[in-house]
Amino acid sequence: MEEKKQHVENWRASGLTRQQFYELHAISFNSMREWPQDVAKAERRENESGLLPVHISTQSPAANTPQVVNEPVMLFLPGDTRMSCHSTQLTDVFRVLKHANA
């Protein structure tokens with residue numbers, strides 16, 4: 001991928017058309033045609049942190065509110081996805097989410 005990235009950067013900096021750059025460097029048009037898109041996709045993957053935003057409320061429950069031991073946890077995921085699970089399942093849920101993009 002680094003070689004593709006370098007060629008794309010050199011092409012963009014050259015001011016040449018793709019065809020001119022290909023001919024100058026003896027690169028097949030068919031082999032390099034998709035390289036800019038491939039490089040852009042790879043850069044997007046590199047820029048994804050893999051971290052999910054978490055909001056922890058600091059508000060304590062009211063004194064007269066009964067404590068619910070097995071209350072589900074609501075997760076708000078990217079793409080307007082919501083997921084409910086029990087706190088005992090969080091480790092497994094986060095493990096699955098971590099490997100979902102792998």
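Tutor: Gladly, and we can begin with Asp38, which counts as partly exposed at 23% relative accessibility. Before going on, note that this is a predicted model, where local features need pLDDT of at least 70, side-chain atom pairs count only at pLDDT 80 or more, and totals for chains, interfaces and linings use all residues. Residues are numbered from 1 along each chain as its sequence is written, and side-chain values use heavy atoms, with hydrogens and water left out.

Student: Why is Asp38 called partly exposed?

Tutor: Buried means under 20% relative accessible area and exposed means over 50%, with partly exposed in between (1.4 Å probe, protein chains only). Asp38 has 23%, so it counts as partly exposed.

Student: What makes the contact of Asp38 and Lys4 a salt bridge?

Tutor: The term needs a side-chain nitrogen of Lys or Arg within 4 Å of a carboxyl oxygen of Asp or Glu. Here the N to O distance is 3.3 Å, so the pair qualifies. It links distant parts of the chain, with Asp38 in helix H4 (residues 35-47) and Lys4 in helix H1 (residues 2-14), 34 residues apart. Helices here are DSSP runs of H or I with at least four residues, and strands are runs of E with at least two, numbered from the N terminus.

Student: How many salt bridges does the structure hold?

Tutor: Two. Asp92 forms one with Arg95, the closest N and O atoms being 2.9 Å apart. Both lie in helix H5 (residues 90-100), three residues apart, about one turn of the helix.

Student: Which residues of H1 are buried, and why are they said to be on the same side?

Tutor: His7, Val8 and Trp11 are the buried ones. They cover an arc of only 100° around the axis, which puts them on the same side of H1; the arc is that of the directions from the helix axis to the C-beta atoms. The face turned away carries the exposed residues Glu2 and Ala13.

Student: What makes E1 and E2 a pair of strands?

Tutor: Pairing requires that DSSP finds at least two bridges between them. Six bridges join E1 (residues 72-77) to E2 (residues 81-86), so they pair, and they run antiparallel.
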